[in-house]
Amino acid sequence: DASRNDPRGDGLRALGNAMLTSKASRLAFVRLDVLELSEEVAELHLRERMLIAGVAPLIAALMMRNSVLTKVDLRSNGLGPTGAEVLAKGVAGSRSLAELNLAHNFIKADGLKAIAHGVGLCKQLTAIDLSDNQVCGIDAEGLGRHTIVGVKALANALARSSMVAINLSGNRLEVDGAKARWQRRRACGRA
């Protein structure tokens with residue numbers, strides 16, 4: 001029982017990293033203040049818990065080791081690209097994950113590229129929500145540098161996956177988003 005631990009603290013990060021790197025660890029169930037994952041729990045709902053990237057190694061390790069976990073909802077947790085890169089290991093190693101929600105986590109292009117690798121390896125994953133993550137480098141105001149590195153990696157992974165549903169809305173994937181940004185820069189004399 002680790003229920004007194006801060007889910008954003010160094011202790012859980014260390015525990016998760018140890019689980020990720022150890023071939024001998026069989027830990028698949030955990031109880032914390034913010035979550036309880038037991039052998040009966042098939043869905044992990046951690047929406048808007050402000051977990052940040054520090055808890056990502058623990059969640060990734062649990063995804064890899066828990067054979068009944070089919071759905072993970074981490075929407076709006078501020079995981080960022082670093083958290084996404086760590087979670088990708090859990091996605092890649094999962095034997096049961098069918099649905100994953102990473103919406104509103106600012107994973108950006110680098111995070112998407114890592115998640116794409118996991119998507120290509122997780123054959124039972126059929127649905128993923130990656131909405132509103134700035135995966136093309138452009139934020140809601142149209143600022144940033146447009147890139148398709150993560151999207152290209154995801155497209156390649158989808159060709160090898162069992163994906164049925166994907167949500168990429170709110171990521172400014174369209175060319176018009178990049179054109180509008182360029183026109184604003186040119187109008188401001190920064191082109």
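**Salt bridges and burial**

Reply: Let's start with R47 and D73, which form a salt bridge with their closest N and O atoms 3.1 Å apart. R47 sits in the loop between β3 and α2 (56-65), while D73 is in strand β4 (residues 71-73), 26 residues away. Keep in mind that this is a predicted model, where local features need pLDDT of at least 70, side-chain atom pairs count only at pLDDT 80 or more, and totals for chains, interfaces and linings use all residues. Residues are numbered from 1 along each chain as its sequence is written, and side-chain values use heavy atoms, with hydrogens and water left out.

Me: What makes D73 buried or exposed?

Reply: Buried means under 20% relative accessible area, exposed over 50%, and partly exposed in between (1.4 Å probe, protein chains only). D73 has 7%, so it is buried. R47, at 40%, counts as partly exposed.

Me: What makes K71 and E99 a salt bridge?

Reply: Their N to O distance is 3.9 Å, so this pair qualifies too. K71 lies in strand β4 and E99 in strand β5 (residues 99-101), so the pair ties together parts 28 residues apart in sequence. K71 is partly exposed at 24%, and E99 is partly exposed at 35%.

Conventions
A salt bridge is a side-chain nitrogen of Lys or Arg within 4 Å of a carboxyl oxygen of Asp or Glu. Helices (H or I, at least four residues) and strands (E, at least two) are DSSP runs, numbered from the N terminus.
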